[in-house]
Amino acid sequence: MKNFTDRVAAITGAGSGMGRSLAIALAREGCHLSLADRNATSLAETAQLAQAAAPQVVGAPLRITTRALDVSDRAAMFDWAAETVAQHHRVNLVFNNAGVALSSTIEGMEYSDLEWIVGVNFWGVVHGTKAFLPHLKASGAGHIVNTSSLFGIFAQPGMSGYNATKFAVRGFTESLRQELDLMNCGVSATSVHPGGIQTGIAQSGRISKNMIGFMIESEQQGKDDFEKFFITTADEAARVILDGVRKNKRRVLIGRDAKAGDWLARILPSAYQVLVVMQTRRMARIAHKRALARDAAATSRRA
Ligand SMILES: NC(=O)c1ccc[n+]([C@@H]2O[C@H](COP(=O)([O-])OP(=O)(O)OC[C@H]3O[C@@H](n4cnc5c(N)ncnc54)[C@H](O)[C@@H]3O)[C@@H](O)[C@H]2O)c1
């Protein structure tokens with residue numbers, strides 16, 4: 001799809017981060033929007049920002065609709081897809097972008113946490129793909145954009161739930177793309193692999209208590225240190241994603257960290273893990289020393 005003007009795009013996780021940036025960037029190009037998020041308040045803010053970014057065309061305002069939902073709810077997703085077509089008369093693009101983060105050891109992981117992340121990150125993408133696919137085919141020109149991650153290429157300790165869902169999204173989307181190629185049905189698909197992007201995902205993610213004293217010293221320190229790796233803005237990520245859709249890319253890597261991680265996993269497909277373990281040990285030692293120094297300073301202040 002070379003341009004987005006007068007197209008209709010559905011975006012999940014549109015209330016924040018890359019979903020919001022995609023909504024604004026598409027609105028700027030005159031693309032009508034059907035936006036979804038579990039957070040109705042932030043979703044309404046995105047709709048306002050997107051409307052403000054839209055080109056001012058007399059007599060033909062941009063249509064922006066919103067729906068508060070949980071992407072892991074299959075019925076709600078099918079209902080939203082039907083509602084999108086009823087409101088906009090067609091749909092051309094779906095961005096299965098909503099996602100959450102979980103940090104936990106496998107040994108200590110609660111099944112409820114694992115079910116939560118699989119529900120959002122994997123099933124949300126499956127429901128969004130299956131619910132919208134018939135409508136995308138009917139439109140004659142469609143594209144499915146599923147957000148995986150650098151962690152869909154490259155695994156990390158303490159991120160098994162996230163890694164599992166993002167590797168699954170990559171496999172699902174690569175298979176989908178091949179099926180769509182074989183069908184020659186006017187619909188395509190792209191798997192998106194961002195590196196660290198400056199969004200709210202670290203702060204809103206879940207960190208299990210079993211990580212404390214293992215790889216991190218406190219929940220907040222873990223979240224703050226994770227954010228230090230967020231080197232690309234959400235607006236730049238949205239620009240790269242839309243450029244990838246225009247070029248009909250199968251895989252979109254975002255940021256120099258994603259490119260480096262992808263390269264490392266290619267040249268050292270199993271040995272990269274040794275480097276990750278060394279780096280994780282080093283970071284855990286630094287966090288531990290910082291915590292000890294903070295405790296010592298607090299004790300001397302009290303004395
Ligand atoms: N930020 C990064 O560094 C990074 C890196 C790689 C991949 N990603 C992926 O990018 C996507 C977008 O994340 P982001 O970084 O913009 O994070 P974000 O937290 O800023 O945005 C995620 C949005 O998804 C919504 N959401 C969460 N659970 C939902 C649910 N069950 N139903 C509906 N909406 C839900 C949230 O309310 C939020 O508005 C995610 O799939 C994430 O895993 C992010």
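**Entry 1: H3 against H4**

I started with helix H3 (residues 74-88) and helix H4 (residues 111-139), whose axes come within 9 Å and cross at roughly 30 degrees. An angle under 35 degrees counts as roughly parallel, so H3 runs roughly parallel to H4. I noted the handedness too: H3 passes H4 in a right-handed crossing. A reminder to myself that this is a predicted model.

Next I looked up who touches whom. From H3 I have Arg 74, Met 77, Phe 78, Ala 81 and Val 85, and they meet His 127, Gly 128, Ala 131, Phe 132 and His 135 of H4. Sorting the residues of this contact gave me six nonpolar, three polar and one charged.

**Entry 2: H1 against H8**

What do the axes of H1 and helix H8 do where the two helices meet? I found that the axes of H1 and H8 (residues 234-246) come within 8 Å and cross at roughly 60 degrees. H1 and H8 are therefore oblique to each other. Their crossing is right-handed.

I then listed the contact residues. On the H1 side they are Gly 17, Met 18, Ser 21, Leu 22 and Ala 25. H8 brings Ala 234, Asp 235, Ala 237, Ala 238, Arg 239, Ile 241 and Leu 242. By type, I sorted the residues of the contact of H1 with H8 into eight nonpolar, two polar and two charged.

**Entry 3: around the ligand**

Which residues come nearest to the ligand? Of the 29 residues around the ligand, I wrote down Gly 13, Ser 16, Gly 17, Gly 99 and Thr 199 as the ones that come nearest. Gly 17 was already in my notes, as one of the H1 residues in the contact with H8.

Helix H1 (17-28) and helix H6 (201-204) each supply at least two of its residues. The largest share of the shell, three residues, comes from H1. By type, the shell around the ligand divides into nine nonpolar, 17 polar and three charged residues.

**Entry 4: the chain as a whole**

Last, I stepped back to look at the overall fold. I have 10 helices and 11 strands down for the secondary structure of the protein chain. Along its principal axes, the C-alpha trace spans about 70 × 45 × 35 Å.

How does the radius of gyration sit beside that of a compact globule? For 303 residues, a compact globule would have a radius of gyration near 19 Å, and the protein chain has 20 Å, so I noted that the two agree.

Notes. Residues numbered from 1 in each chain as written. Predicted model: local features only at pLDDT ≥ 70, side-chain atom pairs only at ≥ 80, totals over all residues. Near = placed C-beta within 6 Å. Helix = DSSP H or I, 4+ residues; strand = E, 2+ residues; numbered from the N terminus. Nonpolar A, V, L, I, M, F, W, Y, C, P; charged D, E, K, R; others polar. Axes fitted to C-alpha atoms, helices over the stretch in contact; angles between N-to-C directions. Parallel < 35°, antiparallel > 145°, perpendicular 65-115°, else oblique. Left-handed = near helix turned anticlockwise from the far one by under 90°. Contact = placed C-beta atoms within 7 Å. Rg over C-alpha atoms; globule rule 2.2 N^0.38 Å.
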